[in-house]
Amino acid sequence: MGEEKIDLTVVLPTYNEAENIKDIIERLVSVLEDAGITGFEILVVDDNSPDGTCLIVREMALKDSRIRCLLRRRNRGLSTAIMRGIHWARGKYVVVMDADFQHPPELVPILYMKAVKTGADVVVATRYARGGGVEGWSRKRLLMSKLANLTAHVLVPPTRKTSDPMSGFFLVRKDRIRLETLKPRGYKILMEILARHPWLRVEEVPYVFRSRVRGKSKLGAKTVVDFLIHAASLSRMVRFGLVGLLGALLNLLVMTGSLLAGAPLDVASILGIEAGLLFNFAFHERWTFETRMRGNWKSRLLGYHAASAGGMAATYTAMKLLVVAGLASPIVGQAVGIAAGFGVNYGLSAGKVWRRREIAGGRVQEARRGDKKLY
Ligand code: GDD
Ligand code: MN
């Protein structure tokens, strides 16, 4: 014992789980041994729980070197605790799960074996595939959870690889992710991992999310807002729209300035349009599509002009069709047209101008720019 090479690390983030921690560790050890998995460790990441969770773990660790407790001095949140756990994990495979029995320990060997067998980079324990479910949830809570799921799927395309991107129960292959690229904004670390590494191969295993028997949940209602901000910030389409909005403002500003300076109307309009386009282009390069900005920027600048022209043509055509068919007033027609134009512009930009497929390491730039040690 102890000398064997560790292949699997189970990370248990904890805050005040004194009532659960001993039982869950014992259960995990017996489940893993029963499955014939010997090269494992159990790593608790505790945020200095006042109830002494970490002390209990350290007592157990004296008798079993496969058990460890990492103690953080302050409570710095669930996501960074998980990142810290993955960072210190010795296993090639890392399972992240709650320490309160809401995630059944029996599933851990199944996640592990699925990863080994399929070669997947991530295996998600899902509540929303056939065979999965939740226990004791109100209709409202279930609806909220499903809405959040849908929001993630719409806004953050890489999450579509799993039916449960909100899951707090999953396996990752440590060598396939770069922790320094993660921004642990919300507490949905799985969504963050999938979004920052869009090339990951994902499998899933269904399970039933149990109700909590002992201890209290720490994740309150404000997490809904957190989640929405998190999902929006990961969404390329939202970034694209924000940039476009600012670009439109600049467009109007430059046009006004030019008119005031005595420029003829057509010139002022074209100056405004071009200023907006250049602004948009710069921000799409550096922000919206930051992982795809390699190669020749001049051809992308040209392409972006074409994409924008395509968007404007779509706006105009949609408006005209609706008005001529008597389906909408000019303003409503124009509004629908703008939506269509946005779609066309975004589609062409994402699909043609910045179409480079994201490959492993594509986010390195961002890591260098952004994060110091956040976890
Ligand atoms: N270290 C640390 N720091 N651990 C924490 C913190 C923290 O700030 N907050 C919570 N934990 C630990 C808890 O002790 C528990 O082991 C686990 O993280 C999950 O916390 P709960 O408070 O039990 O979360 P939940 O049951 O409401 O939410 C769970 O289900 C969600 C899906 O509905 C979590 O698994 C979520 O990640 C998941 O999205
Ligand atoms: Mn819980």
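Predicted model: local features only at pLDDT ≥ 70, side-chain atom pairs only at ≥ 80, totals over all residues.
Pro-104 sits in the loop that joins strand S4 (93–96) to helix H4 (108–118). Residues are numbered from 1 along each chain as its sequence is written, and side-chain values use heavy atoms, leaving out hydrogens and water.

Is Pro-104 buried or exposed? Pro-104 counts as buried because its relative accessibility is 6%; the cut-offs are under 20% relative accessible area for buried, over 50% for exposed and partly exposed in between (1.4 Å probe, protein chains only). Setting aside neighbours within four places in sequence, Pro-104 is in contact with Met-97, Phe-169, Tyr-207, Val-208 and Arg-210, where contact means heavy atoms within 4.5 Å.

Go 121 residues along the chain from Pro-104 and you get to Val-225, with 28 Å between the two C-alpha atoms. Val-225 belongs to a nonpolar surface patch with Met-144, Val-224, Leu-228 and Ile-229, and together they have about 420 Å² of accessible area. Such patches take residues with over 30% relative accessible area and no salt bridge, joining nonpolar side chains (Val, Leu, Ile, Met, Phe, Trp, Tyr) within 5 Å and like charges within 9 Å. A salt bridge is a side-chain nitrogen of Lys or Arg within 4 Å of a carboxyl oxygen of Asp or Glu, and areas come from the Shrake-Rupley method with a 1.4 Å probe, counting only the protein chains shown as cover for residues.

H7 gives the patch its largest share, four residues. Leu-228 lies in H7 and is partly exposed, at 42% relative accessible area.

## Helix H8

H8 covers residues 236–260, and its 25 residues reach 36 Å from first C-alpha to last, close to the expected 36 Å; that expected span is 1.5 Å times one less than the number of residues. Its buried residues are Arg-236, Arg-239, Phe-240, Val-243, Gly-247, Asn-251 and Ser-258. They pack against several helices, including H7 (223–234) and H9 (265–288). Just after H8, Gly-262 takes a positive phi of about 95°.

## The whole chain

Overall, the protein has twelve helices and nine strands, and 46% of its 375 residues count as buried.

Methods: Chains lettered and ligands numbered in written order. Helix = DSSP H or I, 4+ residues; strand = E, 2+ residues; numbered from the N terminus.
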